[in-house]
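User: I have a model open and would like to go through it piece by piece. Can we begin with the strands and work inward from there?

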Amino acid sequence: MDLAHSLSAAGRSRSLSERFRTLRSASVSLVSPLSDADATIQSMPDASPAKWHLAHTTWFFETFLLRDHLNGYGLFDERWPYLFNSYYEAEGERHARAARGMLSRPSLDEVLDYRAHVDAAMEGLLERDELADLIALGIAHEEQHQELLLTDIKHALWRNPLGPAYGVLPEGGVDRGLGDQGWIEHPGGIARIGHKGPAFAFDNEGPAHRVLLEPFALSRRLVTNREWDAFIADGGYRTAGLWLSDGWAWVQESAITAPLYWREGEGFTLGGWRDRDPDAPVTHISHYEADAFATWAGLRLPTEFEWEVAARDSDPSAGVQWDGGAVNPSGTDQLFGDCWQWTRSAYLPYPRFRPAEGAVGEYNGKFMSGQCVLKGASCATPRGHSRATYRNFFQPYQRWQFTGLRLARDL
């Protein structure tokens, strides 16, 4: 299929089987600290209940694999596709996104039974080589929802006046390896961008194509909380000249004065309210804020192409990424990890891009309007999920994800 590049033929079924089972178990572990009420609430339309994430990712496997490829399979509950379809128009009507928090039934236990039922049925498909690409897509899709589950429950718990913790954050600091700002310099020229090869990638990462880069430099480290405090103290949120027009209107209309989850010297984390680490990367900022800070600093955001070229030889599994449990950015000298990094690039199709036919073709292409590209990975990204060609994307005002920035400059 065109949506995902083929995996290598040798041993891929066994590898997929192991990855599938590990993935599904890890998703269930994410809700172990939550009550049924915790897993049901929806704090805003952009977020979804934890219970819904568990069911939707299961619906994906049930719909696109079991229903379509396993003879004799019967749906776990014929009413549930309406509840747990997300945005696939080809799959029919669905429950309104903003009302997912109204689904007090089915219960969390019933959703876990649904997952067990689908997991058992999937055993009959995991060794079928012709389905490997679609299974790999389902795995990558659920990894994305693992990150969303963490960020969505963080937002929900933040809205609780008690500020409850999701879990215990790792004890001790991280050897950040950070020194002075430092720059990764690149001479520019013609660069090949996008995914090409046998490994898995989403369709929006290709086709590979050439771009012309002017000489540039990319900061070796992310912008920190300490630097953001200086931006605030210097009137960053009060100076219209620093902001894009849409961004300034957003600041005024929404009364924005700091990153999301900040109050005085504290920040809300998955471990509850904690003193802010001044040397940790700033996170939960919008594209508007990132761009305004770069302007204030006399620098700019990188393009997605600059970032990809600079990161080409970096280990995408390095840095602070999710290995299980509660997470928080702490800062390292790696290009990947801690937080997704805003670029100045609009999320648009690459030359010769064509979405796949059918419902799975709605996965990425239909969102290529009004969004901005982010690169890297965050502390909530499952380790091994990202790569240099990966294109995350959000609307410029959104900031409930672990989003930050890395500065760039012209040479």
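User: Which residue stands opposite L374 in strand 10?

Analyst: N392 is the residue opposite L374. Keep in mind that this is a predicted model.

User: How do strands 9 and 10 pair, and over how many bridges?

Analyst: They are antiparallel, with 3 bridges between strand 10 and strand 9, the latter covering residues 372–376.

User: What is the strand order in the sheet they belong to?

Analyst: The order is 10-9-8-11, an open sheet of 4 strands with mixed pairing. Strand 10 (392–394) and strand 11 (403–404) are the edges, and each of them pairs on one side only.

User: Take S345, then. Where does it lie?

Analyst: S345 is part of strand 8, which spans residues 340–346.

User: Buried or exposed?

Analyst: S345 is buried, because its relative accessible area is 10% and the limit for that label is under 20%.

User: What does S345 touch, away from its sequence neighbours?

Analyst: Beyond the residues within four places in sequence, S345 contacts T303, E304, Q371, C372 and V373.

User: C372 is on that list. How many disulfides are there?

Analyst: The count is 0. For C372, the nearest cysteine sulfur belongs to C339 and is 16 Å away. C379 is in no disulfide either; its nearest cysteine sulfur is also that of C339, at 8.0 Å. A disulfide would need the two sulfurs within 2.5 Å.

User: Are those two cysteines, C372 and C379, buried or exposed?

Analyst: C372 counts as buried at 10% relative accessibility. C379 counts as buried too, at 0%.

User: How many bridges join strand 6 to strand 7?

Analyst: There are 4 bridges between strand 7 and strand 6, where strand 6 is residues 266–269. In one of these strands, strand 7, R274 is the bridge partner of G267.

User: What does the side chain of Q146 pair with in a polar contact?

Analyst: The side chain of S27, at 3.0 Å.

User: Last topic, aromatics. How many aromatic pairs are there?

Analyst: The count comes to 31. One of them is W59 with Y88, a tilted pair at 5.6 Å centre to centre and 45° between the planes.

User: Where in the chain do W59 and Y88 sit?

Analyst: W59 is in helix 3 (residues 50–69), while Y88 is in the loop between helix 4 (80–84) and helix 5 (108–122). They are 29 residues apart, so the pair links distant parts of the chain. W59 counts as buried at 1% relative accessibility, and Y88 does at 0%.

User: Why is the pair of Y261 and F268 called tilted?

Analyst: Because the planes are at 50°, with the ring centres 6.3 Å apart; an angle over 60 would have counted as edge-to-face. Both Y261 and F268 are buried.

User: Which aromatic residues form one cluster with W59 and Y88?

Analyst: F20, F60, F61, F64, Y87, Y347, F367 and F393 form one aromatic cluster with W59 and Y88.

Conventions: Residues numbered from 1 in each chain as written. Predicted model: local features only at pLDDT ≥ 70, side-chain atom pairs only at ≥ 80, totals over all residues. Heavy atoms only, no water. Buried < 20%, exposed > 50% of the residue type's maximum accessible area, 1.4 Å probe, protein only. Pairing = 2+ DSSP bridges. Helix = DSSP H or I, 4+ residues; strand = E, 2+ residues; numbered from the N terminus. Polar contact = N/O pair within 3.5 Å; in protein donor to acceptor, adjacent residues only side chain to side chain. Phe/Tyr/Trp six-rings, centres within 6.5 Å; stacked < 30°, edge-to-face > 60°. Contact = heavy atoms within 4.5 Å.
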